[in-house]
Amino acid sequence: MLENIKTEIVYYNIPTDFELEFNVSGCCNMRLLTSSVDDKNKLLSVMARAIARSKIVIITGSLTNDIIENIAFSIGYETDTLDTEELFGTKSIFNEIIKGSVPLITEKAILGGCIVESGPQSLILLSSEKNVQREIMKNLIEPYIRAVSELEKDIEEGVTLLETPKTYNIDFVQNEPEETDTTSNEIDEPLLEVQQNTSQQFIIDENDISLEVPKCDNSKYTVATLIIMILLLLILGFLGYFLIVLPLLNDISIIENFKNIFSFLN
């Protein structure tokens, strides 16, 4: 039985999109995961987690040239500039793509993202601009995912029962997001050529990931500790006064005072 292709959508600084998830999950048999992040410093760590567990990773949202450069740098790639305004007279939200990737361009020559492959994995950057996203999804990404599914099917059918399945791991763990399992048997002809790549998968350099670690607020514990210490000091002060100072003022030795106390208790 063929396993579902693990696919993950990472939303950056936008709400989750049911339409996008429905279209992606309808491409083939897959296990669809979703993640959301609104902080650019945490985007790379969420992406690293997605790459560690998924074959296809789609990053969509408020993508800018800076964000694309950070993503490319974190996986060891450079970027290229594709100025659609200069080439075709059309204006795109961003004009940077990952070097060596396949640019995703609409029929009106608007750049909407790119696809980069590394070994068995695919990383897709996708604009969140609705008109651009829908056209690219329908004409390019959906046929591409179907083609990947078909290639995966051909590979698995050629594997004997004695062979051990390959595993791909990146040491980067975070909380599990919401998961959605979907199935589909419809396979269309791909518009993008898919080739088997035997090179290594994406490698995330964790030293390049800047994470903002929230600081714990221990002020309430400090105040509580201070109050307890003051109460203890007051109690010690009262005991010292009644057991030591007061007897001395009444010309009673400390030893006699303790004897009187213990004899009273007995």
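Strands E6 (residues 102–105) and E7 run antiparallel and are joined by 4 bridges; strands count as paired if DSSP finds at least two bridges between them. This is a predicted model, where local features need pLDDT of at least 70 and side-chain atom pairs count only at pLDDT 80 or more, while totals for chains, interfaces and linings use all residues. Residues are numbered from 1 along each chain as its sequence is written, and side-chain values use heavy atoms, with hydrogens and water left out. Helices (H or I, at least four residues) and strands (E, at least two) are DSSP runs, numbered from the N terminus.

- The hairpin of E7 and E8 has 2 residues between the strands, with Gly119 at a positive phi near 60°.
- E7 itself (residues 111–118) is mostly covered, with 7 of its 8 residues buried. Buried here means under 20% relative accessible area, exposed means over 50%, and partly exposed is in between (1.4 Å probe, protein chains only).

**Helix H3, one side in and one side out**

- Ile67, Ile68, Ile71, Ala72 and Ser74 are the buried residues of H3 (residues 65–74). They share one side of H3 because they cover an arc of only 165° around the axis, taken from the directions from the helix axis to the C-beta atoms.
- Asp66 and Phe73, on the other side of H3, are exposed.
- What do the buried residues of H3 pack against? Their partners are helix H2 (40–53) plus strands E1 (5–12), E3 (56–61), E4 (79–81), E5 (96–98) and E8 (121–127), with contact meaning heavy atoms within 4.5 Å.
- After H3 comes Gly76, with a positive phi near 85°.

**Salt bridges**

- The count comes to 6 salt bridges, each one a side-chain nitrogen of Lys or Arg within 4 Å of a carboxyl oxygen of Asp or Glu.
- Lys130 and Asp17 meet through their side chains in one of them, at 2.2 Å from N to O. This pair links distant parts of the chain, 113 residues apart: Lys130 is in helix H5 (residues 130–157) and Asp17 in the loop between E1 and helix H1 (18–25).
- Lys130 counts as partly exposed because its relative accessibility is 29%, whereas Asp17, at 13%, counts as buried.
- Asp17 and Lys130 also belong to a network of salt bridges that takes in Glu19 and Arg134.
- Lys99 forms a salt bridge with Glu78, and their closest N and O atoms are 3.6 Å apart. Lys99 is in the loop between E5 and E6 and Glu78 in the loop between H3 and E4, so this pair ties together parts 21 residues apart in sequence.
- Lys99 is partly exposed, with a relative accessible area of 40%, while Glu78 is exposed at 54%.
- Glu142 pairs with Arg146 in another salt bridge, with the closest N and O atoms 3.7 Å apart. Both lie in helix H5, 4 residues or about one turn of the helix apart, and both Glu142 and Arg146 are buried.
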